[in-house]
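Open the model in your viewer and keep the selection tool ready. Each stop below says what to select and what is there.

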Amino acid sequence: MQIYWTKINKIVEETPEVKTYLLDCPEDFTWDEGAHTHFAFEGFNAGEKPNRSLIRHMSISTLPHENAIGITTRIKEECSEFKSILRSLDVGHEVAIFKTHSNIPLRREDKKVYLLSSGVGLATFRPLLLDYFDRADNVSHVHSLNIDSSKDYLFTTLFESAPDKKFTSQFVDNRHDYYEEVKNLSADKDGLFYIVGSDEFLAENIHVLLDQGIRPEQIKLDKHQKQLAEFLTIEV
């Protein structure tokens with residue numbers, strides 16, 4: 001396993017609770033849209049076993065051509081030890097990234113793609129949308145639906161409906177409106193449904209989609225194959 005040590009180059013305050021940490025790109029480090037990585041602090045591998053409290057599984061919210069590895073996360077006032085340490089870091093501090101992989105690259109199958117996310121989960125979809133805007137081949141349309149009760153919606157200038165690019169975007173602040181819209185979107189029985197959020201959020205969305213007749217193979221999750229099978233066998 002290769003561990004890349006790199007430095008924080010810039011910190012962007014996206015909303016009062018959400019920040020993007022832009023990291024320098026190590027020379028031979030690359031990734032695909034929809035990628036996640038293990039993000040860790042100094043000392044995580046100092047002992048015989050990794051200190052898991054200093055490691056988090058995080059999505060990369062940028063693409064390689066942006067020349068920065070973006071880690072976008074919500075840090076609340078009351079937060080975990082990991083988030084507390086992250087909040088204290090500044091430009092120039094060193095962090096580690098390793099085990100980078102993409103479970104949800106943009107599928108180009110001449111179908112509509114639906115991006116369903118909760119809160120900061122939208123950051124996982126930012127690279128997919130950028131990739132689509134750069135090259136729309138074999139994707140008939142993209143629709144994004146995000147729920148965020150804080151109403152501090154992320155990336156609103158990017159996630160703005162653009163009919164000429166065959167892209168539509170919706171933000172809602174409550175569960176009722178969100179799941180009613182998921183039901184409306186599932187009228188497309190041939191679409192591809194990407195979901196990013198907490199495990200509970202994934203389970204609720206999968207339940208609604210399967211109940212509406214969407215097949216398990218149409219649902220895309222940022223999970224390894226074994227986890228995928230567990231989520232997609234939810235009883236309807």
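Select S186 first. Leaving out residues up to four places away in sequence, S186 touches F193, L209, Q212 and I214; contact here means heavy atoms within 4.5 Å. S186 sits in the loop between helix 3 and strand 10. Helices (H or I, at least four residues) and strands (E, at least two) are DSSP runs, numbered from the N terminus. Is S186 buried or exposed? S186 is buried, because its relative accessible area is 0%. The cut-offs are under 20% relative accessible area for buried, over 50% for exposed, and partly exposed in between (1.4 Å probe, protein chains only).

A note on what you are viewing: this is a predicted model, where local features need pLDDT of at least 70 and side-chain atom pairs count only at pLDDT 80 or more, while totals for chains, interfaces and linings use all residues. Residues are numbered from 1 along each chain as its sequence is written, and side-chain values use heavy atoms, with hydrogens and water left out.

Next, select residues 199-211. This is helix 4, with 13 residues. From first C-alpha to last, helix 4 reaches 18 Å, close to the 18 Å expected at 1.5 Å a residue. That expected span is 1.5 Å times one less than the number of residues. Colour the buried residues of helix 4: F201, L202, E204, N205, I206, V208, L209 and L210.

Which element gives the most to its lining? Helix 4 does, with five residues. The volume of the largest pocket is about 1,000 Å³. Its lining has 39 residues, and S118, V120, G121, G197 and S198 lie nearest the centre. Among the elements that give two or more residues to this lining are helix 2 (122-134), helix 3 (175-185) and strand 10 (192-196). A pocket is found on a 1 Å grid over the protein atoms alone: it is an open set of points where a 1.4 Å probe fits, with protein on both sides within 12 Å along at least five of seven lines, and lining residues have an atom within 4 Å of a point. Grid points are joined across faces, edges and corners, and the volume is the space filled by probe spheres set on the points.

Six strands lie in the order 4-3-6-1-2-5, with antiparallel pairing. Two strands pair if DSSP finds at least two bridges between them. At the edges are strand 4 (55-59) and strand 5 (69-74), each pairing on one side only. Zoom in on strand 1 (residues 4-13) and strand 2 (residues 18-23), which run antiparallel and are joined by five bridges. V12 stands opposite T20 in strand 2.

Select K7, in strand 1. K7 counts as partly exposed because its relative accessibility is 43%. Beyond its neighbours within four places in sequence, K7 contacts L22, L23, D24, G92, H93 and E94. Its C-alpha is separated by 8.5 Å from that of A96, 89 residues apart along the chain.

Last stop: the loop between strand 8 (139-147) and strand 9 (167-172), where K151 is found. Phi of K151 is near 65 degrees, a positive value in a residue other than glycine. Most residues other than glycine have a negative phi. K151 is exposed, because its relative accessible area is 51%.
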